[in-house]
Amino acid sequence: MKSQISRALRRHILLLLLLPPICPAVSELVHYSVPEEMATGSIVGDFAKDLGLDARELKNRNLHILSEGKKQYFTINAENGKLYVNDRMDREGICGESTNCVINFEAVVENPLNVFHINVAVHDINDNAPHFLKSSINFEIIESTSVGTRFHLEKAEDPDIGTNALQNYELSPNQYFILEVREGEEGNKYAELVLQKPLDREREPTLHLELLALDGGEPRKTGTAQIWVNVTDANDNAPVFTQEVYKVSLKENTPVGFSLFQVAASDSDEGSNAYVTYSFSNIAGRAYQKFRLDPLSGITTVKEVLDFEETDKYSMTVEAKDGGGLVAHCKVEIKVLDENDNAPEVVIASLFSPVPEDSSPGTVVALISVKDRDSGENGKCDCHLQSNFPFKIVSTSNNYYKLLTEGALDREKTPHYNLTITATDKGTPPLSTHKTISLQISDINDNSPAFEESSYNLFVPENNPSGASLYTVRAADPDLDHNSRITYSILTSNIEDLPLSSYVSINSETGTIYAQRSFDYEQLREFRIQVKAQDGGSPPLSSNVTVWVFVVDQNDNSPRILYPSKGADGSSLFEMVPNSAESGYLVTKVVAVDADSGHNAWLSFRLLQATEPALFSIGSHTGEIRMSRVFLEKDAVRHKLVILIKDNGTPSLSATVMVNLVFAENFQEALPEMSNQSSDLDHQSELQFYLVLALALISFLFLLTVTFATVIKVRQSKGPKLLQCFDPNSLSKTHVIFPPNYEEGTLSYSYQLCMPSEPRENQVSFQKSNPQVTENLICNESSQLENVDSNCAIFNSEMTVGEKVRLVFGNYIIPTYQYGKQLLVFIVCNPVGPMY
């Protein structure tokens, strides 16, 4: 057996390039020969070595056998590339009676894609002994049968082929029969008994023979059948068939129970010897399962469904036997015609998914195998795609097709395809098979980020807080994963005086633009930045957008006076108005500007205060000061106007300006008035110093007064000599001291100390505030008020030593004390209006 296997393992390899040179997949044919019943795991051949494949690359090339739903008799080791037996191989079960038994299958290797067609010839070994369908053969032979009469014996079956098949028959030794072995048209051998000596029923009514069937294998195997011959009385006429051979053709889809043909045999005898019955005498097991013979009518019908792909023809022998035991035989040949009853089979041999969207046209996506079990035109197939997609199917060879890209792929438009492959045979009617492939398209970075707008205009109010969010720019990228991950940055700007980072910044992930400082409309009204959006692909793609930032004005600037301007010392200058000026005369014009813009810069003018309000008017929008009437002699020569300038913002801001006017015909007349004003200004400039001094003095005198009051109480009770220094004779002559006036803003304060020296008449002097002075002055019952002149009011009182006087001036209560004949008075004046 080992030598036989070693001889059968001799093989040769036939390499054929079956695909066009332009196709990336190469198809090759490899042939091996093995004996049947080879042990599982046995090596058939070194497949990788025979094809010149590098064994070190096999792990990465996915070498495998293409499974099409059939039984796999072989397997390939993907690591060493050797072909092994995977399952038991019974040549008789695989190929039946065919002399050439070849198992065809395909192996696929990837990167690059190659398809290898493998043919393994399975050689027969003598693993089957001949056997008879019936182990016992019975004959009834009339004793009058003449010498030389032949009796057909049932043939033995041996599934093996060649020398291992049935080679000969042998008959056990006897004196009545000899055995003749014949060969049929198909090369199969059968035996016939030949009578060589007349039978004598009275001597031997029953004969027992043994029939031996032998094959040609090593060692030879045999099968036996027992022959029993029953010798009967004479029946001199055997049945005769109307035909020696019956030939029938029928379609494989013939229904069960259909009548195929009828055999007929006649017998010239009478009675029971003429009664003929029919039976299969020499029929294969497969044919016996498919057909049924009526023993009385001789009609053969279909017992099971026929399949052309399983067996395309059947041969059998029908025996006609009369009542006397005589038989006749005829041969029946049944041919099965193919019908288009098998749809094509579509198998995806290899599928490359996902497919990069930048794949060039002609890229192999899948390898497809299409087969049809039918024969002839019924087994020829066409393969095509149903939908109009950028793919095509190209036939290669041996029922293989390639699925190729035909046009450009765009994952953003179509991320996946469901391709329906239709295989249709050429039968009538044609049969089709549909196979759907789900194909994913992988992403590449082929799309730049796109902003939502072509440019952005941002309006930011000035005085915004530093770090405030201005706006969020957004860009979209239709790619996937890191290819669509966008980062933002600021490229350039038209700001040159300071670094861009001191004005704005951007969040690299969200695209939010932040102000890095508070904007001032009066300094920077607009600026432009260039924002860049870049994806995370390799290489990265980017796009830019222009962002204009417009600073919106806010009312944050008060009006600024341009005219009248102030002098070098900060005082307001004088405007000279002729005495003869008529009503409507343009005295002067107040000129002011506002650094804001728009409504915030619209200015309005209003006369806030004037010496003679009815004498002048001002244009609310022009600022022009005009005469409302003519100048009268009773009017004051010098006038001071306070002008309010207010803008139109919300809330509005304002400024005031003082305008000094002098009515005179020439400069010489106006000069005295201007000089007085100058001295008043000098006087006011010193007011702060005197105010501080007066406050310190008043504080001291107040403490001194409290001390004096205490001492007076003591003297009245005890008459001490300690305070004789306060004798009234020590005081100087009567005089009144008037400290300077102090004016700040619109409020003026006067601090006056009046100390008369007359013993009986005390005077308190008050400087009048202009234009209004508090009128009520309350004192004790003995007090009286005298008007000395236009500027002073004299308070006289006769007081005794130690007498307390309360002086009420406006809202102020001023305590006064008299020691001896001297009156000490503290007066604080708080006028209602401003002092001029």
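Start by selecting Leu-419, which stands opposite Ile-437 in β33. You are looking at a predicted model, where local features need pLDDT of at least 70, side-chain atom pairs count only at pLDDT 80 or more, and totals for chains, interfaces and linings use all residues. Residues are numbered from 1 along each chain as its sequence is written, and side-chain values use heavy atoms, leaving out hydrogens and water.

Now show residues 416-425, strand β32, together with residues 432-442, strand β33: they pair in the antiparallel sense over 9 bridges. Strands here are DSSP runs of E with at least two residues, helices are runs of H or I with at least four, and both are numbered from the N terminus. Two strands pair if DSSP finds at least two bridges between them. Strands of a sheet pair through backbone hydrogen bonds, either parallel or antiparallel.

Widen the view to an open sheet of 4 strands in the order β27-β33-β32-β29, with mixed pairing. Its edge strands, β27 (355-356) and β29 (381-385), each pair on one side only.

Next, pick Cys-95 in helix α4 (residues 91-95). Leaving aside residues up to four places away in sequence, Cys-95 touches Cys-101 and Val-102 (contact means heavy atoms within 4.5 Å). Select Val-122 too: its C-alpha atom is 9.2 Å from that of Cys-95, and the two residues are 27 apart along the chain.

Finish at Val-593, in strand β46. Is Val-593 buried, partly exposed or exposed? Val-593 is partly exposed, because its relative accessible area is 33% (buried is under 20%, exposed over 50%, partly exposed in between, with a 1.4 Å probe and protein chains only).
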